[in-house]
Amino acid sequence: MGLFDKLKAGLAKTRKNFVERVESILLNKVVDDSTIEEIEEVLITSDIGAKASTEIINSLRQKVRAGSIKSAEEVNSFLKTEMTGLLGKLQPLVTFGERPFVILTVGVNGVGKTTTIGKLASRFISEGNSVILAAADTFRAAAIEQLQIWANRTGADLIKHQSGSDPAAVAFDAVEAAKARGVDVVIIDTAGRLHTKSSLMEELKKITRVIKKSIPDAPQEILLVVDATTGQNAIRQAMIFSEAVGITGIALTKLDGTAKGGIIFAIKKEIGIPVRLIGIGEGIDDLKDFNPEDFVKALFE
Amino acid sequence: MFESLSEKLDSIFKKLKSRGLLKEEDVDVALKEIRLALLEADVNFRVVKDFIQHVRDRAVGKEVLESLSPGQQVVKIVYEKLCELLGATNTKIQLSPNPPTVIMMVGLHGSGKTTTSAKLARLFKKEGRKPMLVAADLQRPAAIDQLSYLGKQIDIPVFYSKEIKDPVILCESALKQARLEGRDIVIFDTAGRLHIAEDLMDELSRIKAKVNPKEILLVADAMTGQDAVNMSKSFNEKIGIDGIILTKMDGDARGGAALSIRSVTGKPIKFIGTGEKIDMLEPFYPDRIANRILCMGDVLTLIEQAQQSFDQKEAEKLHKRIIEESFSFEDLRDHLKKIRSMGPLENILGMIPGMNKAIKDIKVDEKEFVKIEAIINSMTPEERNNYNIINGSRRRRISIGSGTTVTDVNRLIKQYLEMKKMMKMFKGSGKKGFRLPRFGF
């Protein structure tokens with residue numbers, strides 16, 4: 001299966017819900033105001049968000065009134081262009097500059113951070129990089145063990161301290177170890193934290209400060225992991241994590257469920273952070289570069 | 001980010017001076033905004049549609065109360081209907097006449113099943129029962145470790161096996177073990193599911209058939225978006241659920257998923273998870289969630305909640321003390337306790353009209369309350385009733401006793417004196433009813 005097909009298969013549910021509903025709305029119908037309203041509703045149910053939806057719909061309405069859009073196909077291709085436009089260009093996760101390349105992963109509880117890290121590690125290793133994982137989630141019961149399992153599975157090294165120890169110290173040690181051993185990539189796991197907990201956000205800031213003591217330019221990538229089933233609150237998450245540590249990219253997980261992941265449109269629109277990776281399955285290689293064109297294409301074809 | 005709904009409606013209705021019956025046009029204008037608010041709160045689109053229709057039917061032709069604007073009247077109807085749909089506070093978990101009572105926790109990946117299982121077990125233990133936890137999540141790496149670690153923390157046995165690979169067999173042996181040990185509650189922490197995975201749903205059904213649970217509780221993330229409907233529908237249709245636990249309510253998600261899940265399944269929301277700590281599981285109160293969904297800066301609610309928390313007699317007593325100028329630290333402490341029992345402070349402040357905007361940038365630190373309480377607790381009864389005797393050395397003692405600094409103690413005393421001053425002014429106004437004094441922080 002090629003990458004595109006795999007993406008298509010992963011998004012089958014999303015596609016089914018979204019496209020089929022648009023099509024059923026457009027079936028045997030003249031495109032009029034009530035059709036447009038129904039399309040707006042489809043957009044909203046995909047978690048695209050009221051703001052982004054309204055924008056798409058307003059410009060669709062204008063085009064329909066002006067007579068430049070009449071048929072269902074025209075509506076379809078209009079939506080495709082608009083939505084691709086909203087997502088912007090392909091901005092995958094690439095390592096650059098001097099080694100080690102340090103990736104800090106952050107996010108609220110239960111979004112799949114550790115799993116994403118495992119998959120990322122596997123990918124870097126298969127590309128010929130050496131990888132250190134840093135078990136800086138010292139809070140959640142058994143988080144270190146979970147990362148240990150991933151390290152064993154992928155062949156990455158693991159830097160860990162005791163459960164309950166200072167996460168910043170773990171991160172620092174991992175970066176120092178990577179420097180000493182000439183390792184290419186360091187991926188730091190952090191405890192899931194709700195963005196509303198200011199003390200925990202301070203802890204994150206401290207982690208980045210301490211990493212900078214070892215490598216001033218690190219972490220080169222700060223990845224916010226977002227669960228595709230999350231609703232509009234994901235915007236708040238992106239905003240507040242961004243304010244705290246400066247998010248450079250988003251990994252959208254659990255896209256193989258029925259969730260439509262429309263929240264990425266809202267995040268891109270309101271905060272402008274690019275989506276780098278999407279998780280479309282439970283397999284170790286089911287973490288893919290996010291390609292906006294393919295994503296929208298897979299929705300519509 | 002969210003403009004308060006009543007602020008929005010107020011500006012719409014400013015032009016309308018009409019009193020009397022709610023007109024169709026008024027209602028429709030208001031409902032348009034309410035629809036948007038509900039969608040922004042992640043209430044499922046279809047649920048919103050039904051809901052709006054209900055409210056419309058109820059609102060058109062209704063008399064606008066003397067004290068309210070038409071917009072507020074619609075909000076009031078919406079709020080009441082929301083509370084009604086969200087159901088009553090119901091935390092009862094049915095117990096089996098023949099112990100052990102079997103409880104099965106189900107839910108999606110990352111919704112918080114494992115933590116919630118432990119929290120629930122702790123509640124039962126507190127009631128004097130003998131719960132046992134079962135690590136039936138054989139899929140997520142380290143799920144077993146997580147549960148056994150939590151079990152140790154709360155001193156509750158956890159049944160697990162790293163040899164048994166079939167969760168159905170594991171659950172059967174766990175139940176046997178529970179009977180053998182005379183455990184009266186058994187909580188099964190099952191694997192997280194993406195509900196489209198039919199084989200995994202099938203695994204849950206087989207576990208259900210074998211262990212015959214008295215309650216199946218769906219654990220759902222309060223941040224869930226529109227998909228909450230599909231998710232809860234699948235679980236309810238394929239496994240059948242008896243109740244819902246909504247987790248991660250300590251975030252700032254508006255929790256529209258609560259309404260979606262409740263509407264689709266018709267099952268009661270029993271608890272909400274309000275933090276990572278093991279004791280943070282609270283009963284579900286529909287009015288609080290309704291407020292949160294609507295993001296209402298609504299003084300009506302404040303009044304209603306204030307009335308619940310402060311019963312009338314106590315309010316009068318306090319009022320009398322204010323008039324007599326004998327408002328002591330002890331009164332202040334009681335007062336603060338009641339305010340805190342009304343819910344998170346930010347929500348309460350948010351209900352004061354105009355405050356929603358003002359407090360957006362202010363972080364209300366709940367810890368501040370803890371500090372104040374600790375300081376007051378460290379005073380002698382004499383000191384609490386007569387602040388005049390709190391001299392330098394007493395202040396030092398109080399600060400050491402409460403784990404704060406002398407500066408903290410000084411600040412509190414200063415705030416207390418300011419409050420007293422303000423109360424003197426209230427006294428002159430002689431208004432009917434009880435008013436909340438403002439605090440100096």
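**Figure 1. The salt bridge between chain B and chain A.** In this predicted model, the count of salt bridges between chain B and chain A comes to one. The partners are Lys197(A) and Asp250(B), and their closest N and O atoms sit 2.5 Å apart.

**Figure 2. The side of chain B that touches chain A.** Which elements of chain B give two or more residues to this side? They are helix H2 (24-40), helix H3 (45-59) and helix H6 (143-154) of chain B. H6(B) gives the largest share, with four residues. Sorted by class, this side of chain B has 12 charged, 11 polar and 11 nonpolar residues.

**Figure 3. The whole contact between the two chains.** Zooming out a bit, chain A puts 45 residues into the contact and chain B puts in 34. Together the two chains bury about 3,500 Å², and 59% of that is on carbon and sulfur atoms.

**Figure 4. Helix H5 against helix H11 in chain A.** Two packed helices are described by the angle between their axes and the distance between the axes. Here the axes of H5 (residues 72-87) and H11 (residues 263-271) of chain A come within 8 Å and cross at roughly 55°. Because of that angle, H5(A) counts as oblique to H11(A). On the H5(A) side, the contact is made by Met83(A), Leu86(A) and Leu87(A). Facing them from H11(A) are Ile264(A), Phe265(A), Lys268(A) and Lys269(A). By class, that gives five nonpolar residues, two charged ones and no polar ones.

**Figure 5. A cis peptide bond in each chain.** Most residues other than glycine have a negative phi, and most peptide bonds are trans. In chain A, the bond joining Arg99(A) and Pro100(A) is cis, with omega about -5°. Look for Pro100(A) in the loop between H5 and strand E1 (101-106) of chain A. In chain B, a cis peptide bond joins Pro99(B) and Pro100(B), with omega about 5°. Pro100(B) is in the loop between helix H4 (70-86) and strand E1 (101-107) of chain B.

**Figure 6. The backbone at Asp42(B).** What is the phi of Asp42(B)? The angle is positive, about 75°, even though Asp42(B) is not a glycine. To find Asp42(B), go to the loop between H2 and H3 of chain B. Both of those helices also give two or more residues to the side of chain B that touches chain A.

Note on methods
Residues numbered from 1 in each chain as written. Chains lettered and ligands numbered in written order. Predicted model: local features only at pLDDT ≥ 70, side-chain atom pairs only at ≥ 80, totals over all residues. Heavy atoms only, no water. Contact = heavy atoms within 4.5 Å. Buried area = accessible area lost by both parts, 1.4 Å probe. Salt bridge = Lys/Arg side-chain N within 4 Å of Asp/Glu carboxyl O. Nonpolar A, V, L, I, M, F, W, Y, C, P; charged D, E, K, R; others polar. Axes fitted to C-alpha atoms, helices over the stretch in contact; angles between N-to-C directions. Parallel < 35°, antiparallel > 145°, perpendicular 65-115°, else oblique.
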